[in-house]
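Thanks for coming. I will go through a few side chains in one structure, so please have a look at it first.

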Amino acid sequence: QVQLAESGGGSVEAGGSLRLSCAFSGFTSATHCMGWFHQGPGKEREGVAIIESAGPDYADSVKGRFTISQDSANLYLQMRNLKPEDSGIYYCAARLSHTCFLSVPAWFNYWGQGTQVTVSS
């Protein structure tokens, strides 16, 4: 049974850092690509960072600030220099493929429940 569970969200002042975690089970990262997606208030869910066969990819808005990584059972998102516009719900997701795209969240098959991030100015 595929399961994803995010944690690590919270409230932080602008310029601060958070580390999000996503514990996964029921598959291995060797057979799935994985990613983090963000949904701000009143906005669509958008890709933040993914790991697939070609390596990591990041949204332009987070390049240089966020780092995605993984181990055998967890996906991580290290978030630095947070900005108010980073606020929202962060979801981890997995797709049964070695190839996926940051811009196509619909291709991801499995999703966690999300974790809230609030960045105050």
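Which residues do ring pairs link into a cluster? They are F37, Y91, F108 and W111. Before going on, this is a predicted model, where local features need pLDDT of at least 70, side-chain atom pairs count only at pLDDT 80 or more, and totals for chains, interfaces and linings use all residues. Residues are numbered from 1 along each chain as its sequence is written, and side-chain values use heavy atoms, with hydrogens and water left out.

Back to the rings. Rings of Phe, Tyr and Trp (its six-membered ring) pair if their centres lie within 6.5 Å; planes under 30 degrees apart are stacked, over 60 edge-to-face, and the rest tilted. That rule gives 6 aromatic pairs. One of them joins F24 and F27, which are stacked, with 4.8 Å centre to centre and 20° between the planes.

Next, R45. Its charge lies over the face of Y91, 3.8 Å from the ring centre, and over the ring of W111, 4.7 Å from the centre. The rule here is CZ of Arg or NZ of Lys within 6 Å of the ring centre and within 35 degrees of the ring normal.

R45 is also among the contacts of H38 (heavy atoms within 4.5 Å), leaving aside neighbours within four places in sequence. Others include E44, V48 and Y90. H38 counts as buried because its relative accessibility is 12%. A polar atom of the H38 side chain lies 3.2 Å from the backbone oxygen of D86, and one lies 2.6 Å from that of S87.

Key:
Buried < 20%, exposed > 50% of the residue type's maximum accessible area, 1.4 Å probe, protein only. Polar contact = N/O pair within 3.5 Å; in protein donor to acceptor, adjacent residues only side chain to side chain.
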